[in-house]
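Open the model in a viewer and keep the selection tool at hand.

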Amino acid sequence: MQVSKATGSKTEESRKAKRVFPAGQTGLFVLVTALFFLWGMSNNLTDILVQQFRKSFELSRFAAQLVSTANFTGYFCMAIPAALLMRRRGYKMGIVLGLVLFGSGMLLFWPAAVSGRYLPFLVALFTVGCGASVLETAANPFIAQFGPAETSERRLNFAQAFNPPGTILGVLIGARFIFSGVELKAPQVEAMKKAGTYGAYLHAELMRVVPTYLGLGLIVLLFALLLSRMKFPSPGSEHSGESSGSGSFRTLLQYPHLWFAVMANMCNVGAQICMWSNLILYMKQYTPVTERRAANYLTGTLVAMLVGRFVSTQIMKYVPASRLLGIYGAANVLLMTIAVTRPGWGGAYAIVAAGFFLSIMFPTIFALGLKGLGDNTKLAGSFLVMAIVGGALFPLALGWVAQKTGSFALGYTIPLLGFAGVGVYGFVVPLILPPPENTDPSAEVITAEFGQGF
């Protein structure tokens, strides 16, 4: 009987270690997961802004990429301050502060539009990026730690699966309310310039961004108020595997798998933002589509990503997350090669299909980078969020290539290289990961099987 009890106990502990969701925290888990939907809406509205600002301010191909640069530079600047804040005050402070900055940046679009200048918009986008940086520095490691360590990749992939619906809604809103559907031909532009009405047309196009961003900003600030009233775990015990220490930057140097993850995440986000923010410009150059129709293909990319998130999280039950990451990176290298060598409808469809394989990259890299870090998780998470600066740098490189060559297709060699870096990381990371962490046998979950909880 003793052997039987011991065996039963081990079986129970094994079953709990394989579970995904923590029990008794349903409301908090749902609300924090909702944040992934919220910032997804904003992130892909910037893809609409690249085209809208290029038209409204008559920007070059390179200058239009500053939309992404301003937004994602905010990630780089605020990640470490956010981690230091959360090390002292906990995840709740980080999430609420991130939402406040996020919403405030969106409200700045109103005075920026009234000014009629490009720079105030870049300042507003930088503020939005700062808020998103704080938010992601808090929410990603919080979800990854919110349960057994063995299922951190699946748990974070589940939460991140709610990001694509937000990005899809963001693009749909942008295409409907920001794009006017009016696309003037060169003779029409010349006629309006002679009549003195072209400036008023450009300003009217610019003002179309204001209602969308004001509405979203108010929603974000209301959400901050709601989260500020929620009860979070205390800063010293925010998940069962974390001790009371606060970690240190010096200790992080002992974890090579973290730094490989930082580089991989920079490649991943850079490639992702290049792929999305230039799809409309790519299609405008090589296909006879309108802005709104091109935005539908961007939506298609995000739908593919949404499907990929849910399908791939199930595949991870049978295929190691790192191996799947390597396979998906290689698949996107192939698809970007098609986009470069077959500009037109074939390349556009390849970019759309790449969304499926992009699906698991960010959450899987993030979760693998945090493996075995214990007290250092918050600080390590800040470096992984700082790596989102790839979204600021890679589009500039693509814009430079496109401007020098006159070809957005050749510009897609930049995301090709980024996905190659992700693929290499996926196949190499098992060699450098630390030994599996000990799990807390008392951890409870919402459901016994993934996908049956909500």
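Helices here are DSSP runs of H or I with at least four residues, numbered from the N terminus. This is a predicted model, in which local features need pLDDT of at least 70, side-chain atom pairs count only at pLDDT 80 or more, and totals for chains, interfaces and linings use all residues. Residues are numbered from 1 along each chain as its sequence is written, and side-chain values use heavy atoms, with hydrogens and water left out.

Select Ile327, Val424, Phe427, Val428 and Leu431: together they form a nonpolar patch on the surface with about 480 Å² of accessible area. Areas come from the Shrake-Rupley method with a 1.4 Å probe, and for residues only the protein chains shown count as cover.

Helix 23 (residues 413-428) gives the largest share of the patch, three residues. Ile327 lies in helix 17 (residues 321-341).

Next, select helix 19 (residues 361-369), where nine of nine residues are buried (under 20% relative accessible area; exposed is over 50%, partly exposed in between).

Now go to the largest nonpolar core, with 139 residues. Such a core is a set of buried Ala, Val, Leu, Ile, Met, Phe, Trp, Tyr and Cys residues joined through side-chain atoms within 4.5 Å. Phe53, Leu99 and Tyr412 have the most contacts inside this core. Its largest share, 14 residues, comes from helix 2 (residues 26-56).

Technical notes. Patch = residues over 30% accessible without salt bridge, like charges linked within 9 Å, V, L, I, M, F, W, Y side chains within 5 Å. Salt bridge = Lys/Arg side-chain N within 4 Å of Asp/Glu carboxyl O. Helix = DSSP H or I, 4+ residues; strand = E, 2+ residues; numbered from the N terminus. Buried < 20%, exposed > 50% of the residue type's maximum accessible area, 1.4 Å probe, protein only.
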